[in-house]
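Visitor: Could you take me through one part of this model in detail? I would like a close look at the place where the two chains meet, with some context from around it.

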Amino acid sequence: MWAVAAAVPWALLAVGQVVWWVLDGRWPLWHALAAAVTVGGALFFIGVVPLWRYRVHRWEVGAQAVYTRTGWLVEERRIAPISRVQTVDTQRGPIDRLFGLANVTVTTASSAGAVQIVALDSDVADRIAAQLTDIASLGEQDAT
Amino acid sequence: MTQPVAWRRLSPRMLLVHPIHEVVRQLPLLIGSVVLGTATGNPLWSIGLLALTIGYGVARWYTTSYRIDAEQIQLRAGVLQRKVLSLPRNRIRSVSTDARLLHRLLSLTVVKVSTGQEGRGDADFELDAVLTDELTALRALLLEEAPSVDAVPTERVLARWQPSWLRYSPLSFTGLAMIAAAFGLVYQTGAVAVLEDSELARAGLDAAERAGVLVTVIVLAVGVLVGSVLLSVARSLFTYGNLMLSRRDDGDGVLHLEHGLLRLRQHTYDIARLRGGTLREPLLVRLFGGARLDAVMTGVNGAGEASLLLPPCPRATAQRVLGELTAPAVGDELRGHGAAATRRRWTKAFMFPAILVVALGVSTLYVAMPSAVWVVFGVFCVASAGLAADRSRALGHRVDAQWLVARSGSLERRRDCIAAAGIIGWTVRQTVFQRRAGVATLIAATAAGVKGYRVLDVPADLAWAVAAEASPWVADNEWVRA
């Protein structure tokens, strides 16, 4: 999923370069250089980064807290107690739907404390959303 | 449900205030109409627009009404676009009042009610304005205090404004900003073009030519500096003069802040919503032993004027007030973040000089550099070193079951004290370089203030321990222990 999502902007860039080359083919050296950069970047971002992100990515919905670990260059680990959960959203973008995935966002009263679990299987996401919503409706204190 | 409470009007005196404010607000338009009127030789343009503006101001009073019943407060307003704003009374977090000069002359006060949400712009619940005499009763009603008619509430003054606080005000850039803003305004209205042709400008230019460039620049710079100092002092005097911060401990307890010489402003905060405070010491203010205090409070915007408790004042005062509002322990010695964090401060500070020296070195190969460049570079390096040393000295935190205290920064040093009970989430963030250095940035999420408070470059193995100390539920998570 990450690979495909990363492929889209790089493909656009490549198309842009081809257009540039067709419209204006005066400096072949520059074109070759730009193409090399694009290919290298695409290989890295489509081949390496998704694997890296997948290895970092962890999530857990425990009895007390929701926990995630995301990122590749910047690793981020987030934890929020379930008792403070205010809303639970699921979103599915076009690429997510292609792969049957969904994202779950758990928000608390703080804008700095939202926990997002990305790229879950749809049925898992629905189950988590339902589970969290149940627990959230039980709790009363949101510590505002 | 008992019978609905009647809608109330604002004070009739606003019939006088609204049109005047409306005229002032539409001043550019009115000037335009006057120009248009004289250009077309038809003064009806300007008179018509003036009448329209005044009419709008009057209409605002007739269309605005409010009511307070058992569950909620409602505000009906809008001349062309009607809107009804309803607010549940148990969501009211703070009540602030504001009286400009005109309001004060007529003994009127604007009442603003804010809730836990970040209501901005249109969503503000603002009663503009009610009689100042009714204010105490209204505020008590809004904050659901017990009507304290017989028992005089025990009010304790935490801090009172001293004229000596003014010595910190020239150390900010507000004066400079005001001069810049004023200049921009003047420039936009085209007054500069008029000035250029005037006698005054010509005389000034002549004088400048006689005195030479250097003197002119120095005179101008000194003039701007003196002007900015005077302006900042004046602004500080008028905004914060007569400031008084007090605390009433009957029932829930409220924090009451009052300031302003001409424009009187009062804020009343519910202490139960207070989640801590931020002691801010900008470099210049810190050099003169000053500090300012911000409240970390739910429903109050974390940055800027809204959360201000004390303007720049002696550090001891700010610290004492902070200690009284939170716990004395927050003033204790902080725990440093160790060698790795210090090293990172130094590398960061010297990143830019390093790039600069490479750039300079390369360019000397092509062009001859005046030696002054290297002097400036040396000064810059020394400043960077000072910054790094100061920044690494500032880093520190302190944590217990009640309070989290974090300090960082040099130019804008801040010491955040957050109530552990108000923390509703933790983030540990590590960049590649932080992972290599074995440190992490810990971010405590709260619903109050600026929402996220960071503890910079804590040793990585300590990060979760700090979080667990403040919020015991963190320790129960097996991921954290792993």
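Guide: Happy to; what follows starts at the interface and then moves out into each chain.

Please keep in mind that this is a predicted model. Let us begin with the extent of the meeting. On one side 30 residues of chain B take part, and they are in contact with 27 residues of chain A. The area buried between the two chains comes to about 2400 Å², and carbon and sulfur atoms give 53% of that area. The size of an interface is often given in this way, as the accessible area lost when the parts come together.

Now for the specific interactions. Between chain B and chain A the count is two salt bridges. One of the pairs to display is Arg435(B) with Glu75(A), whose side chains meet in a salt bridge at 3.5 Å, N to O. Polar contacts across the interface of chain B and chain A amount to eight residue pairs, with both residues at pLDDT 80 or more.

Which elements does chain B bring to this side? Five of its elements each supply at least two residues: strand 18 (423-430), helix 14 (432-437), strand 19 (439-446), helix 16 (472-475) and helix 17 (478-481). Strand 18 of chain B gives the most, with eight residues. Sorted by class, the side of chain B that touches chain A holds 13 nonpolar, eight polar and nine charged residues.

Strand 3 of chain A, residues 75-81, pairs with strand 18 of chain B in the antiparallel sense, over five bridges.

Stepping back to chain A, you will find four helices and six strands. Read from the N terminus on, they follow the order α-α-β-β-β-β-α-β-β-α. The C-alpha trace of chain A spans about 70 × 25 × 25 Å along its principal axes. Its radius of gyration is 20 Å, whereas a compact globule of 144 residues would have one near 15 Å.

Chain B also has strand pairings of its own. Strand 2 (residues 65-68) of chain B runs antiparallel to strand 3 (residues 72-77) of chain B, with four bridges between them, and Arg67(B) has Gln74(B) as its bridge partner. These two strands form a hairpin with three residues between them. Strand 3 of chain B is then joined by six bridges to strand 4 (residues 83-88) of chain B, again antiparallel, and here Ile73(B) stands opposite Leu87(B). This second pair makes a hairpin with five residues between the strands, and Gly78(B) in the turn has a positive phi of about 110°.

A last stop is Ala468(B), which lies in helix 15 (residues 460-470) of chain B. Leaving out residues up to four places away in sequence, Ala468(B) touches Val474(B) and Ala475(B). Both positions fall within the numbering to check against helix 16 (472-475) of chain B, one of the elements that supply residues to the side touching chain A. The C-alpha atoms of Ala468(B) and Val399(B) are 9.7 Å apart, with 69 residues separating the two along the chain.

Key
Residues are numbered from 1 along each chain as its sequence is written. Chains are lettered from A and ligands numbered from 1 in the order in which they are written. Side-chain values use heavy atoms; hydrogens and water are left out. Contact means heavy atoms within 4.5 Å. Buried area is the accessible area (1.4 Å probe) that two parts lose on being put together, summed over both. A salt bridge is a side-chain nitrogen of Lys or Arg within 4 Å of a carboxyl oxygen of Asp or Glu. A polar contact is a pair of N or O atoms within 3.5 Å; within protein, one must be able to donate a hydrogen and the other to accept it, and residues adjacent in sequence count only if both atoms are side-chain atoms. Ala, Val, Leu, Ile, Met, Phe, Trp, Tyr, Cys and Pro count as nonpolar, Asp, Glu, Lys and Arg as charged, and the others, Gly among them, as polar. Two strands pair if DSSP finds at least two bridges between them. The radius of gyration is taken over C-alpha atoms; the globule rule is 2.2 Å times the number of residues to the power 0.38.
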